[in-house]
Amino acid sequence: MKNIKYITSVMMSFALWLTSCESALEENPAGNISIANFYSSEDDALAGLYGVYNSVYSLYGNTAINYGEVNADNATVSPNVSDLFEWDEFTYSNELTEGFWRSAYDGINLANEVALYTAEIDLDEGKKADIVSEAKALRALFYWHLVRVLGGVPIYEIPTIGFDAVDTPRSSVDEVYTVILRDLTEAALELPTTSSAGRLNAHIADALLARIYLYRNDFPNALVHAKRVIDSGAYDLFEDYAHAFKTEYNNGVEHIYQIQYLSGERNNPIPGRFGPRALPGQYGNSFWANTVVGGSIAPSAEFNAENPISYRRSVTIADSYEHIDGVTGTITMEDAYGPGVYPFYVSKFDDRANELQSGVNFNVIRYADILLIAAEASNEVDYGDSQKYVWINKVRERARNGVATDLPDLTGLSQDDFRTAVLEERRFELAFEGQRAWDLKRRGQFLTTMRAQGKNVEDFKLLFPIPDNQVRLNPNLTQNTGW
């Protein structure tokens, strides 16, 4: 059923696009079908909504890893992949964010179309409200990515046509967050608590609100929304940490929201990026069958050294792997690359059975994250509340996998020591899932952490540059300081 829903959504989006293209190509169409006229039924509204979901893919996968991991202290870039050096060395260009900007605003405009035109359809009011709320929640997701990366950006809440509103100025960061929080709060109240795989529901909206309030250092609200998810009883941790990153466990009990992939139809690029670097000679095809892996990202030396020994560590990084032929034996990273070059690779998303056509879903937010959000927020709201230890120790217990000496339960920490502990727990529990840079930035530790690694990071590089092309198109669009 998941495959059918995925294919159906793509076909609907393509049909909508094709219809609009055919209309545009007719010189004097007898009955030109505008976007507004397209929305006449529930199926039309859902087709538009699936189009918005299709745009969500651009926010995750490579984008999430680049902005959230390579741009932090967990990961480093292979010297064989020169086009990624700017991420590792913080020498960003304006062109870097051009594709990100366009993708985000394309998604926002599609969401605005769905919200506006669905409201005018003769449709059951409950269904109509759900579709409109879902579209607005997706719009909030796009704005959430924009405001983290770029700061204040122009706000559009109705569809733009041609060059309409091309001169809209940047709104403030607080104004953007007002829209984000309003739309997600509405979704948390309006949407059902269950949904088909890959679609938003009320629990997902609450989980996203918990994360966003945490990022805003609004700890009381972060705790409220995290507890709503916990108290729902709808989620739990996998018994085995590795299951959270395996195709056969997609959309499982721990996965609050995942971006859906399907091997051979829509492939997840992340496993290939984290595989051992491609090599000529005898080890060239030894990770995925018959495929020279273009692995471009490795765990940093600091991450390898600071990640405490545990079962979770063994799932996250590895220093060897079995040859794909099942005969040659185990290949160590030192054998393949030489001493100290790449002592470890990220094994967390190993999907070698599918070569470079991985169908493992991308975790946007999972239950372990919610437990850690609740623990961190509780420490700030009432640091004497012992419930925070229940939440964080549940994550640590799963991570040590029965080895009593690994990651012992935390207890009796000062408020500041607990802050340090939960930030470190997030670093290793959520490693390479796109969260590390944002955690460091919200805690005010990004610049000092990266400089400690010898990176030349100026103060203004907490934000990325507005694309030059957008500044040229919009005379009221000011550039971020320093760029």
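Me: What makes the largest set of 132 residues a nonpolar core, and which members touch the most others?
Reply: A nonpolar core is a set of buried residues such as Ala, Ile and Tyr that are joined through side-chain atoms within 4.5 Å. In this predicted model, the largest such set has 132 residues, and Y143, I180 and I370 touch the most other members. Helix α7 (residues 125-150) supplies the largest share of this core, with 14 residues.

Me: How do you know which residues I180 is in contact with, leaving aside neighbours within four places in sequence?
Reply: Contact requires heavy atoms within 4.5 Å. Leaving aside neighbours within four places in sequence, A140, Y143, W144, V147 and I212 are in contact with I180. Another core, of nine residues, lies apart from the largest one; among its members are A318, A336, Y342 and Y345.

Me: Why is the pair E376 and R442 called a salt bridge?
Reply: The cut-off is 4 Å between a side-chain nitrogen of Lys or Arg and a carboxyl oxygen of Asp or Glu. For E376 and R442 the N to O distance is 2.8 Å, so the pair qualifies as a salt bridge. The two residues belong to distant parts of the chain, 66 residues apart: E376 is in helix α15 (residues 367-381) and R442 in helix α18 (residues 436-442). Both E376 and R442 are buried.

Me: What makes E380 and R419 a tie between separate parts of the sequence?
Reply: The closest N and O atoms of E380 and R419 are 2.7 Å apart, and the two form a salt bridge. E380 is in helix α15 and R419 in helix α17 (residues 415-429), so the bridge ties together parts 39 residues apart in sequence.

Me: Why is R419 called partly exposed?
Reply: Residues under 20% relative accessible area are buried and those over 50% are exposed, with partly exposed in between. R419 has a relative accessible area of 26%, and therefore counts as partly exposed.

Me: How do you know whether D439 and R426 are buried or exposed?
Reply: The limit for a buried residue is under 20% relative accessible area. D439 has 5% and R426 has 2%, so each counts as buried. D439 and R426 also form a salt bridge, with their closest N and O atoms 2.8 Å apart. Since D439 is in helix α18 and R426 in helix α17, this pair ties together parts 13 residues apart in sequence.

Me: What makes one network of R211, D369, E376, E380, D416, R419, R426, D439, R442 and R443?
Reply: These residues are joined by salt bridges that share partners. The whole structure holds 35 salt bridges.

Me: Why is E69 said to have no salt bridge?
Reply: A salt bridge would need a nitrogen to oxygen distance within 4 Å. E69 is buried, and R436, the nearest side chain of opposite charge, is 6.7 Å away; E69 therefore has no salt bridge.

Me: What lies 2.9 Å from a polar atom of the E69 side chain?
Reply: The backbone nitrogen of G434 lies at that distance from E69. E69 itself is in helix α4 (residues 62-70). Beyond four places in sequence, E69 touches residues including N74, L430, F432, G434 and R436.

Me: How many of the 483 residues of the protein count as buried, as a percentage?
Reply: The share is 55%. The protein exposes about 20,200 Å², and carbon and sulfur atoms supply 51% of that area. Its secondary structure comprises 20 helices and eight strands.

Notes
Residues are numbered from 1 along each chain as its sequence is written. This is a predicted model: local features need pLDDT of at least 70, side-chain atom pairs count only at pLDDT 80 or more; totals for chains, interfaces and linings use all residues. Side-chain values use heavy atoms; hydrogens and water are left out. Helices (H or I, at least four residues) and strands (E, at least two) are DSSP runs, numbered from the N terminus. Buried means under 20% relative accessible area, exposed over 50%, partly exposed in between (1.4 Å probe, protein chains only). Accessible areas come from the Shrake-Rupley method with a 1.4 Å probe; for residues, only the protein chains shown count as cover. Lys and Arg count as positive and Asp and Glu as negative; His and the chain ends are not counted. A polar contact is a pair of N or O atoms within 3.5 Å; within protein, one must be able to donate a hydrogen and the other to accept it, and residues adjacent in sequence count only if both atoms are side-chain atoms.
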